[in-house]
Amino acid sequence: MNLVLSAPETINVCIVEDDSVIREGFALLINGTSGFHIVNTYASCEEALPHLTQDAPDVILMDIELPGMNGIEGISRIKKARPQTNIIVITVYENDDLVFKALCAGAGGYLTKNMPPSRLLEAIQEIQNGGAPMSTNVARMVVQSFQKNRNSPLTSRETEVLELLAKGKSYSTIADELFVDKETIRTHIKNIYWKLEVHSKAEAIEKATKERLI
């Protein structure tokens, strides 16, 4: 009796990325690799969503900072319309808030754009096999979040601000990273001092570290 071995299934991929150079680069890499196929590429969620049923992608590579609807909202809508589609966030941002919002919205992986090309292909295969591909820094962030004191008096945004302060970042840099103005950061820091009953940045960082709040 002759055994007929079935060929491995091709993974159909969609890309939602507003940077045309990155979008086309990813598409060339994926389409040029056996076992992967680009069904479509889009510059925005608004363009991608109406074609979701027709495209029927196995995996979507999703940027977060997009014109119009952002990637977090896009992920949420895609997962509601097509729960079986796996979504990998590919972005330049690695801050806690965006990571957790993306994962809560339904993303199954989170990678940064500076990864080697081979990692992208591995991640697509990995998520199709039931894995959760993440860049090293993001994986560490997720683990650390579970190790934090769950009874923290700080909000997730206050915790994020304090963590960035602990890394030596200035108010202006933190404001830029979190897409808010400097005055908002000052308000967060004032609230952190009040909640932790401290009077300086050094005291706040020391107490938060000791009590595993960051």
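1. A residue is called buried when its relative accessible area is under 20%, exposed when over 50%, and partly exposed in between (1.4 Å probe, protein chains only). In helix α8, the buried residues are Glu-158, Thr-159, Glu-160, Val-161, Leu-162, Glu-163, Leu-164 and Leu-165. Because eight of its eleven residues are buried, α8 is largely enclosed by the rest of the structure. Helices (H or I, at least four residues) and strands (E, at least two) are DSSP runs, numbered from the N terminus.

2. The model is predicted: local features need pLDDT of at least 70 and side-chain atom pairs count only at pLDDT 80 or more, while totals for chains, interfaces and linings use all residues. Residues are numbered from 1 along each chain as its sequence is written, and side-chain values use heavy atoms, with hydrogens and water left out.

3. How do the axes of α8 and α11 cross? The axes of α8 (residues 156-166) and α11 (residues 201-210) come within 10 Å and cross at roughly 110 degrees. That makes α8 roughly perpendicular to α11. Here axes are lines fitted to C-alpha atoms, for helices over the stretch in contact, and angles run from 0 to 180 degrees between N-to-C directions. Angles under 35 degrees count as roughly parallel, over 145 as roughly antiparallel, 65 to 115 as roughly perpendicular and the rest as oblique.

4. In the contact (heavy atoms within 4.5 Å), Leu-162, Leu-165 and Ala-166 of α8 meet Lys-201, Ala-204, Ile-205 and Ala-208 of α11. Following α8 is Gly-168, which has a positive phi, near 85 degrees.

5. The whole structure contains nine salt bridges, each defined as a side-chain nitrogen of Lys or Arg within 4 Å of a carboxyl oxygen of Asp or Glu. One of them joins Lys-113 to Glu-17, with the closest N and O atoms 2.8 Å apart. Lys-113 lies in the loop between β5 (109-112) and α6 (117-128), and Glu-17 in the loop between β1 (11-16) and α1 (20-31), so the pair ties together parts that are 96 residues apart in sequence. Lys-113 is partly exposed at 22% relative accessibility, whereas Glu-17 is buried at 2%.

6. Within helix α6, Glu-122 and Arg-119 lie three residues apart, about one turn of the helix. Their salt bridge has its closest N and O atoms 3.8 Å apart. Arg-119 also forms a salt bridge with Glu-126 (3.2 Å, N to O). Arg-119 is buried at 19%, while Glu-122 is partly exposed at 45% and Glu-126 is partly exposed at 29%.
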